[in-house]
Each structure stands twice: as C-alpha cells, then as structure tokens.
Amino acid sequence: MAQVPQTFDAPAVRTWCGLALRALGRAREEIDAINVYPVADGDTGTNLYLTVESAVAAVEAVFAAHDVGAADRSSTAAGAAGTFPGGGPAGPSLADAARAMAHGALIGARGNSGTILAQLLRGMSQVLAACGESDHTDGQGLRLALRHAADSARQAVAHPVEGTVLSVAAAAADAATGAEGDCATVARAAYEGARAALAATPGQLPVLERAGVVDAGGRGLVAVLAALVETFTGETPAAWASPAGAGADGTRGGGPTVPHARVRPADQDEPASCAPSASSPAYEVIYLLEAGDAAVARLRDRLDALGDSLVVVGGDGLWNVHVHVDDAGAAVEAGVEAGRPYRIRITHFGAGDVHTTGAERPPRERAQRAVVAVVPGEGLAALYTEAGATTVLARPGEPPASGELVEAVRRAHAREVVLLPNDAELRHTAAAAAEQARGEGVRVALIPTRSAVQGIAALAVHEPERRFDEDVVAMTSAAGATRHAEVTVAERRSWTTAGICQAGDVLGLIDGDVAVIGSDVRATAETVLDRMLAAGGEMVTLVLGDEAPKSIAAALEARVRESYLAVDTVVYQGGRQGPLLLIGVE
C-alpha cells in the first residue's frame, strides 16, 4: 500500500483535493440526477466538481510556485558556492496550501451547493492556517477544522434548512468531535457521521421524501469526506448507499434503481414536489465581490429582502455572493453599492422549465455548430457574444479550468464546436476539455489561438453553413495569419529576451516574447506596432484595457494612417483584461 500521511500537512491538502475532484468526477452525473432542492436544475454535481477543480488548480499553483522558487534559490546558492546545496525547503507550508484551497474554491464556486462547499473549505483553512509555524496538524486539529467548517457554513446561509448539506456537515463535525485518535480516525468518523446524516435527509425535508432522493449537496459532501478518509488511509471507504435498499444513484425505495434518472412522485396528478412553487424567483445571480465587512452585512439584508437561497461566503475583502431573485438587475446593483462585483453570472429559470413546473423540460434542439472562446475581459466577452460565440471569462491570474470549458461546450448545445482558448498557457487545459466533450458525443475542433486578437480573426471568417472541416481550416488559417502582441507593465525585476526589466517597466511582447522594454506606454506601443508592420499587414486590431492611457488609441490610429498606406485599424474596449493593450496585425 502506498505511504499515506499520518498528519495533516500541505501534501495531504494537495492529495485530498485531487482525490475529492476524482470522486466528484465519478459521482457528478449521479448527483446531478438527484438534484431537486432548492431548485431542480440538475447541476449540483457539476457545480461541486467545478468548485473543487478550482481549489485543485490553486493548490497546484502554490506547489508549482514553490518548486520554481526553490530551484531559483538553489541555482543562486550553487553558483555562489560552486556546489549544489543540500536540503532546502520541503514544500509550501500547511497554511499556504490551506489558504490556496480556500481561495480557489471561493473564486470558482458554482451554484448553491458549490458556494456552501467553498465556505466549508474556508472554515477548515482558517483553523489549519492558524497552526502558525507548524507544518502539520494532528487529529485534534482536524476535529477543530471540521467543527469550524460546519459552523461557518451555517452562518453563511441566510436561512439554514435542515435536510441539506448543512445538516450533513454538522453531523460530520459532531462525529469527528467524539473521535479520539489520529487524522485517519477522525476522518473516518466524520465520513460515517455524514453518511448517516445523508440517509436521514429525506425525513427532514419533505421535498426529498416525495421525490424519493437524498440531498444532492449532502451526497457531494459525503464524496469529499470519503476522499479525506482515502487521503489518510490509502483505502477508499465503502460507497454510500441508502439503508432503504437504494442503489448508488442516491434514489430510495425497494424497487430497481435507474442510474442518473430523476425520480418523480408516483401520483402525477399532484404538483411535482421537487420543484419550487410558481412564485419561485426567476433568476439565479452569482458574483464575486470586493467589499468590506460592513458593506457586506448591509448587502445581506438587501439581498435577503429581494429573494431567497441567499449564501454569502468569503472574507478578508473578497466574497462570493449567490441568490435567487426576480429582479436580477437589483441584485447586481446591490453589489455595486457594496463594492466591486465581477464574474457576474445570471441564469434565467425560464417559464415552463423544471424550476417552475416540476416537469422535465422538452429537449432543446441542438444547434449544428457553435464557437466557444476564452476571453480576457468583459468588453471582449460582449464582442464575442455579439458575434455568436459562447464565452468563458478569464480574469488576470485566474485561468479557467477544463471543467469550465466543458460546461461552456454544454451551454453551447451544438453538435459541432470550435474551441478557441486564446492563450498559449491554456493549450493543455483546452485539449483536456475537448477530449471530455468528445466523449459526450460532441464533435470538437481545437484551434490553438494564443491571443484574443487571433480569436477575433478566426471568428471573423466563421461560417456555420459550410462544412465543418472547411470552416475549421479557414478559421485556423485566419488565426495563424494574425501576429499578436501586448503591452503590459512588469510586476518585478526579471530576465527577458530583451534584457533585464525592472518592476514598473513597460514591456512590449510580440508573439509571446518580450521584444521592447520602455518607460512610456505610448512609445513602447508605437515601437511594437512598427516592428509588427515592418513585415507587412492589412488590418491592425487594438484592444484597450481599462488602465490604458485614454489617448493611446487615437495616437496609434494616427501613426498607422500616416505611416502605413492601405492599412486599416479597428479599436475595441477590452475591460479588465490584464494587459494595457492587445495588438493584432493581419
């Protein structure tokens, strides 16, 4: 049996997150199928998976950054001493790994259950990070972490309901509190307590009892706790099954089970109990919010008056807000008054779908072809959407995970999909998403666009009416014929292909490599543009970030007009896209 950790340290956090993601991946469809509360939208498993996937990415980034930093320190020391130094830091601290897990879950949280899970992980991380200089904690520390997680998650929900993931989390914490021993003993006790609580959820929540299922969010938490047991024992605990003789899909009852099928009441003359009433809110609104504690307290009161299913999680200036409302605009405006909302997601619970009638929605006809694109700012997202693409917004320093791309492919609801990652760093992520989508029966072509301006060029020649292969070839050709550049500001001193830059220097990157180091944004941008047009070009595309100088677009347009005959220029507003300026030359 592989060696397993005896205490909770940073590698254990990493292992747990990875095992939890794998467990949720296996159970995703099952959990989606039993999702009937608070709305029967069949996405709880997917939302939990995406939330944990974001946590995994954040933890892996901490380990990767530590590896790079350790290598740099070792190289410097070896150069000074003439030999490679032994020893060195073993890895990131428990506090660093725990905080990364919580932050990743917070910024990637999806849906009601995903948001609550993010707060559970945050509650655990607050205890684990409080270990200070210690690089690990023991069974007592894990007991305290599970207790604080359950309590903080309950506090984050405006109106807690028993028979949900909150009940399962509380039972896990209670069971852990009574367990004496190491982390493995505590984890197993928490898991067994959660299993028992999950089996009891139909008796606590009538909507579950009438639908013949257990709580979907609670089922997801059981999977996460099973991964915690596996982390400390190396063994996968027995899969959860209802004591009423249910199958592994979470349905209850003595008859045969149908995996991944939504169970409905037998009496079809009654209103379906697993959907809210016709007066239920029409929209789900989710956003990240930068705001202070006092402003968030006022926001809770405001949103509580607007709708239901209110969950606000986070802290230290960054929050994830989830609410169901009839007036989505008012919910967003409340966020604007409280601070700076972003990554705003609004989902309409349309009339006649499962949210308002309890009946299965008639299958929507698939489109023949769609384009899914990753875009770096709200302005470009609007541009791509107007051109018919399904977009995934990538915030600076927060690249989307493969699950988000897969979800976007599903939203596109097409037989054929062209995927534009628009970032060289997303090549492997996009390839993984494309492979998963193909496994779901979607024909996917991945065009390796390395910048949003290449994606714009590809989208400009997209013609859904022609054959798929021909369309992909034309889009690939247009993207490949577009050179790309960006102007940004250096965050720290470092070596580049153009020499050493200092923090605050203006950098001009052409096709991914630093080509110009300057002190003035306009002068650097003009130099970059001149170098790109020296090889010829017919069209210049400029995408301005929010922090770009106001006059730079007019200055660059004038330079092109005066110095390069027959070259057209088009300007777009990119929003909070990271670089000050994106440049494309076709």
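**Note on the predicted model**

1. Residue N47 is found in helix α2, which covers residues 44–81. The model under review is a predicted one. N47 has a relative accessible area of 8%, and is therefore classed as buried, the cut-off being under 20%. Leaving aside residues up to four places away in sequence, N47 touches R110 and G111. A further pairing concerns S113: N47 and S113 are separated by 66 residues in sequence, yet their C-alpha atoms are 7.3 Å apart in space.

2. Along the chain, A61 and A97 are 36 residues apart, and their C-alpha atoms are separated by 9.6 Å.

3. A97 is itself one of the buried residues of helix α3. This helix runs over residues 94–108. Of its 15 residues, 12 are buried, so α3 is largely enclosed by the rest of the structure. The buried set consists of L94, A95, A97, A98, A100, M101, A102, G104, A105, L106, I107 and G108. The geometry of α3 may also be checked against expectation: at 1.5 Å a residue, its 15 residues should span 21 Å, and the end C-alpha atoms are 21 Å apart, which agrees.

4. The next point is a helix pair. Two packed helices are described by the angle between their axes and the distance between the axes. For helix α5 (residues 139–156) and helix α7 (residues 183–204), the axes come within 8 Å and cross at roughly 30°. Angles under 35 degrees count as roughly parallel, and α5 and α7 are therefore roughly parallel to each other. The crossing in which α5 passes α7 is right-handed.

5. Which residues make the contact between α5 and α7? On the α5 side they are G139, L142, R143 and L146, and on the α7 side C183, V186, A187 and A190. Sorted by class, the contact of α5 with α7 has 6 nonpolar residues, 1 polar residue and 1 charged residue.

6. Most residues other than glycine have a negative phi, and most peptide bonds are trans. Y37 and P38 are joined by a cis peptide bond, with omega at about 5°. P38 lies in the loop between α1 (10–33) and α2.

7. R343 has a positive phi of about 50° although it is not a glycine. This residue is found in strand β6, residues 340–348. R343 is buried, its relative accessible area being 13%.

8. H413, also not a glycine, has a positive phi of about 50°. H413 is placed in the loop between α13 (402–412) and β9 (414–420). Is H413 buried or exposed? With a relative accessible area of 16%, H413 is buried.

9. Finally, the overall composition is recorded here. The protein has 18 helices and 18 strands. Buried residues make up 54% of its 586 residues. Among contacts with a separation of 6 or more, 71% are accounted for by residues 24 or more positions apart.

Terms used. Residues are numbered from 1 along each chain as its sequence is written. This is a predicted model: local features need pLDDT of at least 70, side-chain atom pairs count only at pLDDT 80 or more; totals for chains, interfaces and linings use all residues. Side-chain values use heavy atoms; hydrogens and water are left out. Axes are lines fitted to C-alpha atoms, for helices over the stretch in contact, and angles run from 0 to 180 degrees between N-to-C directions. Helices (H or I, at least four residues) and strands (E, at least two) are DSSP runs, numbered from the N terminus. Angles under 35 degrees count as roughly parallel, over 145 as roughly antiparallel, 65 to 115 as roughly perpendicular and the rest as oblique. A crossing is left-handed if the near helix is turned anticlockwise from the far one by less than a right angle, and right-handed if clockwise. Contact means heavy atoms within 4.5 Å. Ala, Val, Leu, Ile, Met, Phe, Trp, Tyr, Cys and Pro count as nonpolar, Asp, Glu, Lys and Arg as charged, and the others, Gly among them, as polar. The expected span of a helix is 1.5 Å times one less than its number of residues. Buried means under 20% relative accessible area, exposed over 50%, partly exposed in between (1.4 Å probe, protein chains only).
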